[in-house]
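Subject: Structure handover and notes

Hello,

Here is the structure you asked about, followed by my notes on it. Please read them with the model open beside you.

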Amino acid sequence: MKALLKNDHLSILQAATTSLWLGNSSLLHGPDMMRLTGARPAEDQFHLHLYVPEKYTFRFLENIRENKKVSHLFSCVYTFKTFQVKGLYVAHRHCTPDENSYQHTYLEEFGKTAVNIGINSGMSFINYWEDPAICFIIRPQEIFEQTPKPGAGNKIS
Amino acid sequence: METGVVISTELKRAFDGVVPFVVATSSSDGIPNITFMSKLFYVDKAHVALSHQFMNKTWKNILDHPVFLAFVTDPETLGMWKVQLQFVEQQHEGPIFEDMEMELMALTTPQNITFSLQSALICKILTVEQVFKVI
């Protein structure tokens with residue numbers, strides 16, 4: 001089986017100019033979403049590792065007990081190139097020191113990106129991070145083009 | 001009709017589209033859908049409006065499940081909120097639709113994004129939860 005995300009998707013996914021989101025839903029609570037603090041492909045290339053401070057995960061974790069379907073949105077804030085990955089939650093665990101360090105670098109660089117596009121408070125993104133952080137492991141099943149233009153939402157893989 | 005939700009100056013600023021907001025909806029079989037939208041339009045103390053432009057899946061999901069979530073960010077403080085919304089009605093004309101069309105034209109023209117506004121989706125604000133606040 002081929003990995004769903006190609007190199008051009010993965011380079012956007014891991015760029016410091018990319019805004020990252022993860023969502024799910026339940027019949028009881030409706031949809032939920034979190035702003036992420038980093039994303040990387042797993043070594044096997046078939047899964048994604050998505051990072052977010054634990055304090056933002058309460059509702060998402062409640063929903064996961066009922067429904068394992070998740071969506072992950074990533075978007076370059078310079079080009080608006082945007083993709084949505086739909087797939088399944090596999091597991092979660094606390095982040096390793098290396099993953100925490102990766103998130104700090106991402107938030108610092110994303111903050112600079114935000115300042116560059118006119119968000120003067122951009123460096124405050126660093127304060128969004130709190131210890132401990134969680135790594136969500138998801139298995140992508142479909143990918144959709146989501147760049148804002150006619151045709152947005154088309155399935156590409 | 002009021003909902004008891006207080007829309008602060010900060011929150012209202014977060015609606016304005018300087019930082020695009022994110023919408024999460026859910027299909028009838030529980031598949032979430034997340035997408036960016038340009039701006040949340042303030043209607044009154046209890047309602048906001050979304051522009052129906054590129055929506056396909058989002059619109060289908062809202063018809064299936066009218067309660068959904070918007071995640072907004074204040075560009076001045078980076079305060080972030082989850083705003084739970086309930087779809088009320090669709091407007092194809094009238095002052096809200098016309099104001100929306102004018103504002104979207106102003107937002108998208110410099111970025112060379114073409115758009116075609118189909119309708120204004122009027123939504124009731126159910127709850128507001130502050131996710132992040134810089135102290």
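Asp32(A) and Lys82(B) form a salt bridge across the two chains, with their closest N and O atoms 2.7 Å apart. Please keep in mind that this is a predicted model. Between chain B and chain A the count is one salt bridge, and 11 residue pairs are in polar contact, both residues of a pair being at pLDDT 80 or more. On the side of chain B that touches chain A, the elements that give two or more residues are β1 (21-26), β2 (32-37), β5, β6 and β7 (119-132) of chain B. Of these, β5(B) gives the most, with six residues. The contact as a whole takes 36 residues from chain A and 39 residues from chain B. Together the chains bury about 2800 Å² between them, and 67% of that is on carbon and sulfur atoms.

Ser71(A) also belongs with the contact between the chains. Its place is in strand β5 of chain A, and its side chain reaches the backbone oxygen of Pro32(B) at 2.5 Å. Is Ser71(A) buried or exposed? Ser71(A) counts as buried, because its relative accessibility is 0% and the limit for buried is under 20%. Leaving aside neighbours within four places in sequence, Ser71(A) is in contact with residues of both chains, including Trp21(A), Leu22(A), Gln84(A), Asn33(B) and Ile34(B).

Salt bridges

Over all chains the count comes to 12 salt bridges.

In chain A, Lys112(A) pairs with Glu109(A), the closest N and O atoms being 3.2 Å apart. Both residues lie in helix α3 of chain A, three residues apart, which is about one turn of the helix. Lys112(A) is partly exposed at 36% relative accessible area, and Glu109(A) is partly exposed at 31%.

In chain B, Lys39(B) takes part in two of the salt bridges described here. One is with Asp16(B), at 3.6 Å from N to O. That pair links distant parts of the chain: Asp16(B) is in the loop between α1 (9-14) and β1 of chain B, Lys39(B) is in the loop between β2 and β3 (41-44), and they are 23 residues apart. Lys39(B) is buried, with a relative accessible area of 10%, whereas Asp16(B) counts as partly exposed at 39%. The other salt bridge joins Lys39(B) to Glu103(B), with the closest N and O atoms 2.7 Å apart. Glu103(B) lies in helix α3 of chain B and Lys39(B) in the loop between β2 and β3, so this pair ties together parts that are 64 residues apart in sequence. Glu103(B) is partly exposed, with a relative accessible area of 34%. Elsewhere, salt bridges that share partners join Arg13(B), Asp74(B) and Glu76(B) into one network.

Backbone points

A cis peptide bond joins Asp131(A) and Pro132(A), with omega at about 5 degrees. Pro132(A) is in the loop between α3 (97-116) and β7 (133-145) of chain A.

Which residue of chain A has a positive phi although it is not a glycine? Phe80(A) does, at about 65 degrees. It is found in the loop between β5 (69-76) and β6 (82-94) of chain A, and at 30% relative accessibility Phe80(A) counts as partly exposed. Leu78(B) is also not a glycine and has a positive phi of about 65 degrees. Leu78(B) is in the loop between β5 (67-73) and β6 (80-91) of chain B, and it is buried, with a relative accessible area of 0%.

Other items

Val115(A), Met123(A) and Ile126(A) form a nonpolar patch on the surface, with about 200 Å² of accessible area together. Of these residues, Met123(A) is found in the loop between α3 and β7 of chain A and counts as partly exposed at 33% relative accessibility.

Glu89(B) is in strand β6 of chain B and is partly exposed, with a relative accessible area of 38%. Its side chain is joined to that of Gln91(B) by a polar contact of 2.9 Å. Thr108(B) lies in helix α3 (residues 95-108) of chain B and is buried at 9%.

Regards

Key:
Residues numbered from 1 in each chain as written. Chains lettered and ligands numbered in written order. Predicted model: local features only at pLDDT ≥ 70, side-chain atom pairs only at ≥ 80, totals over all residues. Heavy atoms only, no water. Helix = DSSP H or I, 4+ residues; strand = E, 2+ residues; numbered from the N terminus. Buried < 20%, exposed > 50% of the residue type's maximum accessible area, 1.4 Å probe, protein only. Patch = residues over 30% accessible without salt bridge, like charges linked within 9 Å, V, L, I, M, F, W, Y side chains within 5 Å. Areas by Shrake-Rupley, 256 points an atom, 1.4 Å probe, with all protein chains shown as cover. Salt bridge = Lys/Arg side-chain N within 4 Å of Asp/Glu carboxyl O. Contact = heavy atoms within 4.5 Å. Buried area = accessible area lost by both parts, 1.4 Å probe. Polar contact = N/O pair within 3.5 Å; in protein donor to acceptor, adjacent residues only side chain to side chain.
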